[in-house]
Amino acid sequence: MTMDLLIPDKVHDESRQGEALVLEPVGKHNGRKLYIESYGCAMNFSDSEIVASILAEKGFETTSDFNNADVVFINTCSIRENAEVRVRNRLKEFAGAKFRNPGMVVGVLGCMAERLKAKFLEEEKLVDVVVGPDAYRDLPNLIEQVDSGQRAVNVLLSREETYADISPVRLNSNGINAFVSIMRGCDNMCSFCVVPFTRGRERSRDAYSVVAECKDLFDKGYREVTLLGQNVDSYKWSGQLAKGGEALAVGDEITVVNFANLLEMVALVSPELRVRFSTSHPKDITDEVLHTIAKYENICNYIHLPVQSGNSRILDIMNRTYDREWYMNRIDAIRRIIPECAISTDVITGFCTETEEEHNDTVTMMDYVKYDFAYMFKYSERPGTLAAKRYADDIPEDIKQRRLAQIVAKQQEYSFYRMQARIGKIEKVLIEGYSKKSDKDYCGRSDQNAMVIFPVSENYKPGQYVNVLVERTTSATLIGKIV
Ligand code: 5AD
Ligand code: SF4
């Protein structure tokens with residue numbers, strides 16, 4: 001675990017970083033093997049499933065060993081400098097395999113590909129192909145181009161591409177939870193963030209295709225979907241919903257679907273299908289969304305609401321477009337409308353010009369909310385962002401580190417506090433499988449997204465719901481027994 005990340009969950013799972021993905025080919029096997037590994041956010045992992053689907057159609061088989069692959073892809077993240085350093089190091093490891101097998105195609109996908117474009121080919125001689133997040137349909141052509149002796153680049157960003165029609169092949173799946181991408185890109189322009197440059201303009205996916213994908217997952221036995229977008233609250237799709245679609249009980253007349261409507265449509269697929277989502281933006285999360293969460297038992301009581309800073313001046317130069325009071329008001333609304341809701345956040349310490357008092361406002365915000373989880377980072381200047389252009393990265397590393405350590409310690413207290421409050425309560429848990437430590441225990445998540453461990457019972461299998469009485473906790477896990 002890196003120092004800048006505290007508690008992994010499924011959306012920001014540190015243990016999945018660099019995971020290789022394996023699946024069966026869909027089309028006729030073409031004799032070539034694909035290796036693909038992913039870094040960064042859940043959206044990247046979801047994109048790798050799209051990439052694998054596109055190439056499986058062309059007959060590629062996947063392998064979990066890059067040494068015997070014909071095509072090696074790395075799906076990259078640019079969010080902080082250390083994410084990029086990690087990818088460069090990994091590329092060095094691929095160099096040995098390519099030396100032994102000069103015919104091997106090495107490709108860089110995702111945010112780093114988009115950020116560095118053709119420069120990547122100059123910087124990393126080993127790389128043959130560079131492909132941005134909106135150009136994956138072009139991969140079969142690009143690979144052909146490399147086969148014919150050229151190096152290939154496609155980093156065109158699109159205003160329309162949502163890969164809505166590509167049914168992603170679920171990779172390394174437990175068959176119970178799946179990510180469903182509902183939108184791409186981001187229009188927010190937070191000054192520290194590289195995402196608007198690497199993932200382009202925001203666009204929402206056809207609501208009907210989202211519901212159809214969730215229904216298909218449910219029919220295949222999946223019991224939890226996490227709807228993914230950089231800013232799910234600004235989801236907006238307009239179009240004609242199919243008449244007579246069984247799951248579309250919201251009504252055929254709807255031509256504009258907002259996030260609250262979409263949540264409801266997915267919740268209506270089945271009461272047995274849990275619905276989660278990430279990430280919400282404090283400026284856009286509406287009471288309508290909160291009421292929808294409260295209305296449906298199967299929409300989980302868990303909201304990831306990044307605060308970034310608790311100080312209004314810092315929020316202003318971060319271009320977050322809300323202030324401390326606005327954020328607190330949204331927290332109050334969540335507590336009022338969904339009293340049992342767990343809340344997690346993202347925090348950046350040591351942003352440009354942040355004073356000790358301003359940092360302290362972040363600390364007191366944590367006291368106000370008492371977050372269930374937090375992902376905490378030191379500010380990392382990213383080339384090309386508004387902050388890099390406008391403000392000096394002037395907080396010394398040791399101060400950033402001290403502020404980070406302070407909020408990490410604070411969060412540990414509150415995580416423990418939130419877990420302790422569950423002792424004696426009965427949690428509805430979706431069983432995901434055996435616990436990592438012992439096959440005598442099952443693990444699964446509570447409605448509020450806490451990991452729960454309890455002894456295996458022959459009467460229940462993964463994919464089923466059970467009621468678990470919480471008897472004790474660590475700062476990250478609830479421990480109990482089925483009742
Ligand atoms: N430096 C540090 N953290 C960052 N994040 C985004 N950009 C940066 C950066 N330049 C964090 C934010 C965001 C999360 C996904 O990553 O907290 O919410
Ligand atoms: Fe980056 Fe802000 Fe968009 Fe999140 S909302 S991806 S932090 S620009």
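**Chat on a predicted model**

Colleague: Hi! In which sense do β15 and strand β16 pair, and over how many bridges?
Modeller: β15 and strand β16 (residues 342-349) pair in the parallel sense, over three bridges. Two strands pair here if DSSP finds at least two bridges between them. Strands (E, at least two residues) and helices (H or I, at least four) are DSSP runs, numbered from the N terminus.

Colleague: And what is the bridge partner of Tyr 302?
Modeller: Ala 342 in β16 is the partner of Tyr 302.

Colleague: Which order do the strands of that open sheet follow?
Modeller: The order is β15-β16-β17, three strands with parallel pairing. β15 (302-304) and β17 (373-378) are the edge strands, each with a single partner, so one side of each has no neighbour in the sheet. Neighbouring strands are turned by 10° against each other on average, direction ignored.

Colleague: Which helix lies across β16 and β17?
Modeller: Helix α14 (residues 397-420) does, running at about 175° to β17. Axes are lines fitted to C-alpha atoms, for helices over the stretch in contact (heavy atoms within 4.5 Å). Angles run from 0 to 180 degrees between N-to-C directions.

Colleague: New topic: which strands close into a barrel?
Modeller: Five strands do, in the order β18-β19-β20-β22-β21, and the pairing is mixed. The twist averages 50° from one strand to the next. Strands β19 (residues 441-445) and β20 (residues 451-455) run antiparallel, joined by five bridges. Asp 441 is opposite Pro 455 of β20.

Colleague: What are the domains?
Modeller: Domain 1 covers 33-154, domain 2 covers 177-420 and domain 3 covers 426-482; such bounds come from an automatic or database assignment. The C-alpha centres of domain 1 and domain 3 are 37 Å apart.

Colleague: Which residues surround ligand 2?
Modeller: Cys 186, Asn 188, Met 189, Cys 190, Phe 192, Cys 193, Val 195, Pro 196, Gln 230, His 281 and Arg 320, counting a residue as near if one of its heavy atoms lies within 4 Å. Seven are nonpolar, three polar and one charged. Ala, Val, Leu, Ile, Met, Phe, Trp, Tyr, Cys and Pro count as nonpolar, Asp, Glu, Lys and Arg as charged, and the others, Gly among them, as polar.

Colleague: What ground rules apply?
Modeller: Residues are numbered from 1 along each chain as its sequence is written, while chains are lettered from A and ligands numbered from 1 in the order written. In this predicted model local features need pLDDT of at least 70, side-chain atom pairs count only at 80 or more, and totals for chains, interfaces and linings use all residues, while side-chain values use heavy atoms, with hydrogens and water left out.
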